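Hello,

Here is the structure I promised to pass on to you. Please open it next to this email.

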Amino acid sequence: MKEFAPLLHGYWYLLRGAGMTVLMAAGSIVPATVCGVLLALAQVFGNQAVRSIVVAYLFLIRGIPLLVLLTFTYYLLPLTGIDLPPFWGVVMVFAFYYAAFMSEVFRAGILSLPRAQWDAARSLGMTQRLMLQIVIFPQALRLASPPFVSLCANLVKATSLVSIVGLWELTMASREIVERTLAPFQIFLGAAVVYFCICYTLALYGRYLERRVLQGH
Amino acid sequence: MVDISSDVSSRVIEPQTAVARRPMLAMDEVSKRFGSLEVLRNISLSVSAGEVVVVIGPSGSGKTTLLRCINMLEDYEKGIVVIDGEPIGYRPGATPDQRQRMSEREIAAAREHIGMVFQSYNLFPHMTVLHNVTAAPIRVKGVPRARAEERARELLAMVGLSDKMAEYPARLSGGQQQRVAIARALAMDPKIMLFDEVTSALDPELVGEVLAAMQELARAGMTMVVVTHEMSFARDIADRIVFMDGGVIVEQGKPDQLLFSPTTERVRAFLRRYNDRYRI
């Protein structure tokens, strides 16, 4: 038990780092989801020009590692004269990056609904907008929720990359404690447990949501 | 050759039923193709108010496409469809080539008057039975919730499903789901109902309950266009049977005339094969 003394010593610091991680992840997931839905809609319903732009964006994002994009933006932003606090800069990068993947998740959800559901809604005189609102979205979101939750967990873990650009969060906090205590195994084990707990909570919440929306299926 | 017979039969037979009542559905020279395949070739069909028209024919003859063109679920290259005097899809121009496409909003509004029931029920799986029936009246027509629910209860009682209102579709049998689908379409108070092979996906012992609901509807004076493979049902319910093949109406007439003394060889061959199979 004595081996874990450094962890006991630094747990408060770790938890504060975890708080920062959660804040950053939550701050990114919300705009990423909104943009993801918009991109998915643009790809399903947009005209040829809109669709090409969206597809080009997806290919671009999918071809760049997140770490490269983070570092690039970190050096680019000051040159453009945009004075953004590092936290918001990072959130912006995460939002744009993950929006691309989320749009694919939502698009798959929308397209995997049987054509017959659209026919039924149309035959009842629904306009496109109403049909999306009460027939397509509720079902598409249910279909999209499992991959959506795993994407969110992925995002939580990806926030560990921001320690590279000097933002303080769970991984950065762990490294600082390690430097002081020289106990890397204990501290990073603690960090791993904290990351796991965040993602597991997310998965449980996703499962709960799914079950609630799933009612009747 | 087939084309000629369709022209002759429609001139000879149709006026007998259509003359007295106003036309509820008028399709005028509708043509539709999928790529190089002509699914509908210059189809003209008129259905008067209260009339029940059953469309039969081999698979691939264009029956389903015909129905889907009536409420513009399928776009068509040529022709006009009019429901109770109001065009849906295209407004006629000075010449057939000058027809004008209506806006999506106008088309949606026109669809309110056309109820449709599908082969695969197509209920909304995330809504209860009651919600399935009330959603469109409330959200599309703006009927107050209380009134919409009262009407839904009446309709569900009519199709014998009063005790299933709170269930989700997945918990119902195919026959029950199809009866809900009928109630859902009726809830919009349509002027005409389209039935697209509504019993084809059902277990044989569930077919009867759906056909009974349709019979009830026909008795109540609903204008109906029914695509079906149930010949004896067609004979019972139809005021007129239309036989389609290769995208044209080959022959049409009163049920007994068409089923027992058809004038074209094509219909005779079809019925011979059918009778060999089912012995009605």
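Below are some notes on its nonpolar cores and on one helix.

This is a predicted model, in which local features need pLDDT of at least 70, side-chain atom pairs count only at pLDDT 80 or more, and totals for chains, interfaces and linings use all residues. Residues are numbered from 1 along each chain as its sequence is written, chains are lettered from A and ligands numbered from 1 in the order in which they are written, and side-chain values use heavy atoms, without hydrogens and water.

A nonpolar core is a set of buried Ala, Val, Leu, Ile, Met, Phe, Trp, Tyr and Cys residues joined through side-chain atoms within 4.5 Å. Buried means under 20% relative accessible area, exposed over 50%, and partly exposed in between (1.4 Å probe, protein chains only). The largest nonpolar core here has 56 residues, and A:Met126, B:Leu25 and B:Met27 have the most contacts inside it. Helix H6 of chain A (residues 128–158) gives this core its largest share, seven residues. Helices are DSSP runs (H or I, at least four residues), numbered from the N terminus. Apart from that core lies another, of 52 residues, including B:Leu156 and B:Val226.

Now look at helix H5 of chain B (residues 145–158). Which of its residues are buried? They are B:Ala148, B:Glu149, B:Ala152, B:Leu155 and B:Leu156. After H5(B) comes B:Gly160, with a positive phi near 75 degrees.

Enjoy exploring!

Terms used. Helix = DSSP H or I, 4+ residues; strand = E, 2+ residues; numbered from the N terminus. Expected span 1.5 Å × (residues − 1).
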